Amino acid sequence: MFLGAAFRRFGLSLKRLSEENSSGVSKPSSCVHEECTAPAPAPAPQISGSRSELCAPPLHSRINGWSLPLHGFQLLAWLVYSFMAVVGFGIYLPLLPAPWSFAAYALIGAVFVLHLVTHVAAVTIDPADLSVRRRKDYSSPMPVFDNTKHQHVIHNLHCTLCEVDVAPKAKHCSTCNKCIADFDHHCKWLNNCVGGRNYWFFFITVSSAVIGMFLLILVVLFVFIEHYVNPAVLRTAPQFQTVKGNGTWLVFLPAAPLETGSIGLLALAFITVLLALAALLLLCHLLCFHIHLLSQGISTYEYIVRKRQSPNLKEKEQGPPALPSNGATTQSLGPLESPVNCDAPLSSRSCTFKLEDRGPTSGGLPEPVCAEMEEVNAERRLDYSSESPALMIPGEPVMSLPVHGIEKPQAPGRSSMKPIIQDPLGSSIMVHQQLMTDAQTQLLGMP
């Protein structure tokens, strides 16, 4: 009995532990941010996971382009440089004839060395702002930017992440996670930011790469053409005297000559030219772009900001879109609920004056009246009497006054008020009762 009770208690404890683990409630881990160190509210049953998952881990600032992780473009740039150096100085430059080989070694060698030095300098230099380099401890983590507390990382020349005052042209790079002096852009090929401290090293790196690629393409094309035109020009090295047959070529002269065939030599030349042309196009585009920026006196960052703002300025200059014409507006409104037939003849209930013994007049409603009637459609129903007098002038057609409404004249003994006749535009015309009666008598008395 005692063992059975112990086993039941052990089973209940295991069940409780499994329920707690399945609910996903755990204690929040330590975090340096204020948002994470605040006491956590009671977890809702629908939400799983701890609150510490909502806190981004602190990031360290990068010192320069050698800081891990290395970018893939950076590795690709060094691979291309190494390939061009080995192929150029190990295979094709030794095949040049004696007068040209020395000049090619000196010129292309100087360009490649200059590129190597400036490339390493652009990657190694820390482009951070002076105040950041003085106070920055790259071993300590950086806080994560909280946009609920600050609208911008740098406000009034003070960086809220680096916690230092910076220069006017300094910008906080999100990749390097520090403020860069005279920020231009973040270069993935260098894996480092380009700023005021390393911009000219970057510019010389690109320029030397363009010149080196161009000269190397000329050398490889010369070897490719001379191989078919006059191969003896390329076989002036002393090591070729021991080689039998014109189909055998030597590479890596003069230090470690290795034999290879014509197909391998030409295939490698073709691959080298294609790769060098692709790199040359990209580098020329980049070099021309930065020459344009230098002529304008702006940085890459300022150029991008202007490009983003230019579409907004064009939209403001164009103004709001023009409203559609009256015809288009009328068509868009569609037919009215109760259209008025402007061409229908007037009935005895229409807004006309008629004689007692001559029947109703006929004719169509004028266009202004039709427009007014369509506008007021069902809101203002007109009550036109069939006994309303009509004005007739000898020699003229029957005149019909289009009106909104006519107040019926009252009996003589009841009131002496003047009737009010409203025209289609809403104005009132005061007509004296005696004048109307005289006009009617005069017209009836005519033969």
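**Reading helix packing in a predicted model**

Visitor: Is the crossing in which α3 passes α7 left-handed or right-handed?

Guide: α3 passes α7 in a left-handed crossing, a term used when the near helix is turned anticlockwise from the far one by less than a right angle, with clockwise giving right-handed. Helices are DSSP runs of H or I with at least four residues, strands are runs of E with at least two, and both are numbered from the N terminus. This is a predicted model, in which local features need pLDDT of at least 70 and side-chain atom pairs count only at pLDDT 80 or more, while totals for chains, interfaces and linings use all residues. Residues are numbered from 1 along each chain as its sequence is written, and side-chain values use heavy atoms, with hydrogens and water left out.

Visitor: At what angle do the axes of α3 and α7 cross?

Guide: Two packed helices are described by the angle between their axes and the distance between the axes. The axes are lines fitted to C-alpha atoms, for helices over the stretch in contact, with angles from 0 to 180 degrees between N-to-C directions. For α3 and helix α7 (residues 262-296), the axes come within 11 Å and cross at roughly 140°, which means that α3 is oblique to α7; under 35 degrees counts as roughly parallel, over 145 as roughly antiparallel, 65 to 115 as roughly perpendicular and the rest as oblique.

Visitor: Which residues of α3 and α7 make the contact?

Guide: With contact meaning heavy atoms within 4.5 Å, α3 contributes F83, M84, V87, I91 and Y92, and α7 contributes L265, L268, A269, T272, L275 and A276. By class, these residues divide into 10 nonpolar, 1 polar and no charged.

Visitor: How do α6 and α7 pack?

Guide: The axes of α6 and α7 lie 8 Å apart at an angle of about 150°, so the two helices are roughly antiparallel to each other. Their contact has 27 nonpolar, 5 polar and no charged residues; Ala, Val, Leu, Ile, Met, Phe, Trp, Tyr, Cys and Pro count as nonpolar, Asp, Glu, Lys and Arg as charged, and the others, Gly among them, as polar.

Visitor: Is A209 buried or exposed?

Guide: Buried means under 20% relative accessible area, exposed over 50%, and partly exposed in between, with a 1.4 Å probe and protein chains only. A209, in helix α6, has a relative accessible area of 12% and is therefore buried. Leaving aside neighbours within four places in sequence, A209 contacts H115 and L283. H115 is itself among the buried residues of α4, which are covered by elements including α3, β7 and α6.
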